[in-house]
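Dear colleague,

I am passing on the structure we spoke about, and below it you will find my notes on what it contains. Please read them with the model open beside you.

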Amino acid sequence: MSITVGMKGRAETVVTPENTAAAVGSGLVPVFATPSMIALMENAAVNAVQAQLEEGQGTVGTLLNVSHDAATPVGMKVWAEAEVTAVEGRKLTYTVAAFDEAGPIGKGEHQRFIIQADRFLAKAQAKKEGK
């Protein structure tokens, strides 16, 4: 595993009726939803490091502190960028930012932890089974 400060990732989509605030229940208007922006930011963070992880590893989000600063209408392209700013063992910290074709729409900080997928899922399943 070779995760280093400065690694960058990107994710993009187009605003559709399905990823608006009205559709996901985070508001009443048909503009890009904050939960959809957050998912895009997390996807960019995953894309920044996934290729450098060992087989069977992944990352999970544990903290997000972002602002959603501008509305984006249906039909407009949106993208998010993430950059690793700190690596502390399995803990990764990123700056994240989101944009549409008119400019910045959101920004903040995100943390993820590197996990072994099978162990992570086994622990979650054990919780469900009350173990």
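Strands here are DSSP runs of E of at least two residues, numbered from the N terminus, and Arg112 is found in one of them, strand S5. Please keep in mind throughout that this is a predicted model.

The fold, to begin with, includes an open sheet of 5 strands with antiparallel pairing, in the order S1-S3-S4-S5-S2. Strand S1 (8-14) and strand S2 (57-68) stand at the edges with a single partner strand each, so that one side of each is left without a neighbour in the sheet. From one strand to the next, the twist averages 25 degrees. The antiparallel pairing of S1 with strand S3 (residues 77-88) runs over 7 bridges, and within these two strands Thr13 stands opposite Val78 in S3.

Two helices pack on this sheet. Helix H2 (residues 34-49) touches S1, S2, S3, strand S4 (91-100) and strand S5 (103-116), and its direction makes about 145 degrees with that of S1. Helix H3 (residues 117-128), by contrast, touches S2 and S5, with its direction at about 85 degrees to that of S5.

Which residues does the "binding site" annotation cover? According to the unreviewed UniProt entry, they are Gly61 and Arg112. Although they span 52 residues in sequence, no two of their C-alpha atoms are more than 4.3 Å apart, so they gather at one spot. Gly61 is found in strand S2 and is partly exposed, with a relative accessible area of 39%, whereas Arg112 has a relative accessibility of 5% and counts as buried, because buried means under 20%. Leaving aside residues up to four places away in sequence, Gly61 touches Glu42, His110, Gln111 and Arg112, while the contacts of Arg112, on that basis, include Glu42, Ala45, Val46, Thr59, Arg90 and Tyr94.

Methods:
Residues are numbered from 1 along each chain as its sequence is written. This is a predicted model: local features need pLDDT of at least 70, side-chain atom pairs count only at pLDDT 80 or more; totals for chains, interfaces and linings use all residues. Side-chain values use heavy atoms; hydrogens and water are left out. Two strands pair if DSSP finds at least two bridges between them. Helices (H or I, at least four residues) and strands (E, at least two) are DSSP runs, numbered from the N terminus. Axes are lines fitted to C-alpha atoms, for helices over the stretch in contact, and angles run from 0 to 180 degrees between N-to-C directions. Contact means heavy atoms within 4.5 Å. UniProt positions are given in the numbering used here, feature names are shortened, and annotations may be inferred rather than shown by experiment. Buried means under 20% relative accessible area, exposed over 50%, partly exposed in between (1.4 Å probe, protein chains only).
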